[in-house]
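This report describes a helix, a pocket and the surroundings of a ligand.

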Amino acid sequence: MVIAIDGPAASGKGTLARRLAAHYDLPHLDTGLLYRAVGAIVLAQGRLEDEAASVEAARALDVATLDPEALRTAELGEAASVVAARGGVRAALLDLQHRFAAQPGGAVLDGRDIGTVICPQAQAKLFVTATPEVRAQRRHRELIGRGEDVAYDTILADIRKRDERDSARAAAPLLQADDAVLLDTSALDIAQAFAAALAIVEARQQGR
Ligand code: CDP
């Protein structure tokens with residue numbers, strides 16, 4: 001079974017993907033980490049604006065070396081969204097995502113284009129969202145918890161800018177697949193959101 005989870009920044013899709021993966025004992029890929037890693041490499045080289053450098057970094061990426069802790073900063077979220085708008089970067093990361101999804105038994109992938117581009121045949125597709133204010137609150141709490149000193153207003157502005165860039169780009173824009181189920185988590189805590197996500201996946205499994 002392949003479960004595809006998409007949604008805008010800090011919508012809670014990562015937490016839901018991890019929980020669903022644990023529940024069904026499936027491997028999980030947070031595809032945002034791929035773009036964050038490419039962003040980290042070109043930022044370190046001082047070449048964020050250099051498209052060829054980002055494509056080269058994407059081609060050389062080794063999933064085994066991804067360090068989620070180091071990659072989940074606000075700065076790398078922004079850099080990820082810049083490199084992710086480049087078709088060459090996305091093309092270079094296609095193969096490894098397809099291979100991950102094709103594992104025997106299935107997989108859970110979360111990102112922006114899983115249900116639309118990477119796994120259009122996924123058995124269950126969720127589009128997870130929440131209001132920008134709720135998402136900014138959650139991300140603020142998360143970043144403060146990690147020791148990053150960022151203001152709520154800065155995060156809200158960053159989330160709005162990133163959503164706009166991710167939705168407006170020509171290459172695999174953030175989009176709800178026609179057959180994805182919308183899950184708005186604005187008024188739900190993690191346990192409630194997980195229960196709702198599970199109900200959606202179970203219904204899909206039973207062909208409902
Ligand atoms: O955790 P958060 O929702 O803030 O971001 P993320 O999922 O780690 O993704 C960071 C950035 O990578 C996004 O803003 C997108 O621009 C890009 N991305 C993408 O284009 N396609 C994906 N499948 C996953 C992430």
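In helix 2, the residues Leu 33, Leu 34, Tyr 35, Arg 36, Ala 37, Val 38, Gly 39 and Val 42 are buried (under 20% relative accessible area, with a 1.4 Å probe and protein chains only). The model is predicted, local features need pLDDT of at least 70, side-chain atom pairs count only at pLDDT 80 or more, and totals for chains, interfaces and linings use all residues. Residues are numbered from 1 along each chain as its sequence is written, and side-chain values use heavy atoms, with hydrogens and water left out.

Helices are DSSP runs of H or I with at least four residues, numbered from the N terminus. Helix 2 has 13 residues and reaches 18 Å from its first C-alpha to its last, close to the 18 Å expected at 1.5 Å a residue, where the expected span is 1.5 Å times one less than the number of residues.

| Side chain | Ligand atom | Distance |
|---|---|---|
| Lys 13 | oxygen | 2.8 Å |
| Arg 90 | oxygen | 2.8 Å |
| Asp 113 | nitrogen | 3.0 Å |

The lining of the largest pocket divides into 11 nonpolar, 11 polar and 17 charged residues, with Asp, Glu, Lys and Arg counted as charged, Ala, Val, Leu, Ile, Met, Phe, Trp, Tyr, Cys and Pro as nonpolar, and the others, Gly among them, as polar. Helix 8 gives the most to this lining, with 7 residues.

Technical notes. Helices (H or I, at least four residues) and strands (E, at least two) are DSSP runs, numbered from the N terminus. Buried means under 20% relative accessible area, exposed over 50%, partly exposed in between (1.4 Å probe, protein chains only). A polar contact is a pair of N or O atoms within 3.5 Å; within protein, one must be able to donate a hydrogen and the other to accept it, and residues adjacent in sequence count only if both atoms are side-chain atoms.
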